[in-house]
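Me: I am new to this structure. Please show it to me, and then I will ask about it.

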Amino acid sequence: MNTTQIADYALLSDCHSAALVSRSGSVDWLCFPRFDSPSIFGRLLDDQGGHWSVAPTAPHEVRRRYLDKSLVLESVFETAGGTLRMIDALVLGSDPTGHRLGGNAPHVLVRELHCTHGEVEVAVAFSPRPEYGLVTPVLTPVRCGVVTRGGAERLVLTCPTDLEVDGPNAYGRTVLRDGQVLRLALERTSIDQPPPATRNQHELAESLVVTTRSWRRWSTLHQAYDGPWRDMVHHSGRVLQALSYHPTGAIVAAVTTSLPEEIGGGRNWDYRYSWVRDASYTMEALWVAACPHEAKDFFSFMTTAASGSVERGQPLQIMFGIGGERDLSERVLPHLSGWRDSRPVRVGNGAWHQQQIDVYGELLNAAMRLERQLSDSDQPTRSFLAACADAAAQRWREPDQGIWEIRGEPRHFVHSKLMCWVALDRASRLGVLLGASEQRQAQWRSAASEIAEAILRDGWNEKRGSFTQAFGSDELDASTLMIPLVGFLRPDDPRVVATIDAVRERLTDGRGLVYRYRAASGVDGVEGDEGTFVMCTFWLAHALALAGRPAMARNSFESALQYCNDVGLFSEEVDPMTGAMLGNLPQAFSHIGLVNAAEAIHQAELRSGGTASARVAHTA
């Protein structure tokens, strides 16, 4: 059973695929050549899932960071006899423009070992297990490394030190003395290609220089935010870039599958796909923490992948594969025990066929953010967006599974109705650009008014003194915080203020972190409990800032900041008992929430006369 804490993992990305590296120097998760490819190393989810560890043999202390303005990982191991500095990176190709990270990524993971003091004995253990551990490959020694055979993958490990091959595993030890450097690498090709040769040391050194330079050039060109928590906002922008799939512009919700929302529970989902819902939230975050290039790429991916069905009167699919795939059928991998025995391990995501009517609003809200660029869009894109508005006007009265993708009976969720209102409000404001007739725009405005009346009548609960989860419900839901965030009501409206206060008082734990809702186990169609949601806590900070309460917004924001790990990554949730990370890592929504809330607080403090002296430094 893997007992490594989720917080102990750091992310590597080449904007095609991702790896997670533990504090102890083990690559326990790697999917090549795409984020959603079967894992090559999967010890994250099962002890027999494969790994590649490199670490001192002696007891040691470790500290980690990303090199400045990059996602190149530095781990420093301090032993009694010496110090080892290890640099890990998924290699990026050269990008002279600084705008296209990952454009020619070679699918190589490089690990550079540098003894900076004394001497350190280092152990290497290489145990690849392709296809989520189903393949036990044959390892063959070659000059300066090992080649694997078996399954659909060909892997070449470059390791200039001697390795002993023992069946499907390779082991070795070497002593590095002060000033000595050793570079290792893993390269992947498919079975229909000849295996690449092992890499020489100069080539690997240059690949790390190019990768670090590419990240820094991108960060320098794209990151101009200069408000509170500047370093964390910029770092979150790089994380979002790391979660993007370069060939299409898709952004994955996370790079992992089945990290649980409760240890030993069954709320374990595959997040390696791209959700339409993320569109509007991501668009705002990219505008603040990255640049319009990434925002436009993501929007283009979404409108291209989603086109077709809505125009034919079918519901808008809520999520897609990173290449635009629609069939994301869910299955269980019974041979994997899951992180800390949290079964089942799932690949695919059954929510892809749910009806979630909020997605029309998310897509059109994103279009509103790109209003200037929309005039350059082709006619099919504009026709598709207009069809989304028509669908929102037609479907808003229908129940759905909602933002939280419940697997129980559909309901009339307030958030879903709200986002249908957003779809129609934004469409009517973009009417000329969308090529809509005056009559069509009038129909959109009329439908938006109907939705607004319904929300104010049936979504407000007089007894609870707040907006609630669903029409006629007594349950609170953090998604009602979106009411001021999307401009449905003014942030200082008494009903908005009352809802914000209700969430603060009745949906937070003792740490100030926010639950998405508090329902009994099984009510939402899935047994088990869950932790507090990082994203919802940032929503609360955002709403407080809009409501003119920046000091309270700061407190809420900083409550969430306490639960990033040592390299500035957030998971989806926090265990309410222990404060440990839960859920998939790194979670795009958590980092998106951070960026948008930081900008909202910045603007609120400017309005209230706040100064830079009030800022709190928090660097990744």
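This is a predicted model: local features need pLDDT of at least 70, side-chain atom pairs count only at pLDDT 80 or more; totals for chains, interfaces and linings use all residues.

Reply: Residues are numbered from 1 along each chain as its sequence is written, and side-chain values use heavy atoms, with hydrogens and water left out.

Me: At what angle do helix 5 and helix 7 pack?

Reply: Helix 5 spans residues 359–369 and helix 7 spans residues 379–395. Helices here are DSSP runs of H or I with at least four residues, numbered from the N terminus. Axes are lines fitted to C-alpha atoms over the stretch in contact, and angles run from 0 to 180 degrees between N-to-C directions. The two axes lie 9 Å apart, and the angle is about 145 degrees.

Me: How many disulfides are there?

Reply: A disulfide is a pair of cysteine sulfur atoms within 2.5 Å. The sulfur of C31 has its closest cysteine sulfur in C15, 15 Å away, which is too far for a bond. C144 is in no disulfide either, with the nearest cysteine sulfur, that of C159, 8.8 Å away. The count is zero.

Me: Is Q401 buried or exposed?

Reply: Q401 lies in the loop between helix 7 and helix 8 (414–429). Buried means under 20% relative accessible area, exposed over 50%, and partly exposed in between, with a 1.4 Å probe and protein chains only. The relative accessible area of Q401 is 13%, so Q401 is buried.

Notes:
Helices (H or I, at least four residues) and strands (E, at least two) are DSSP runs, numbered from the N terminus.
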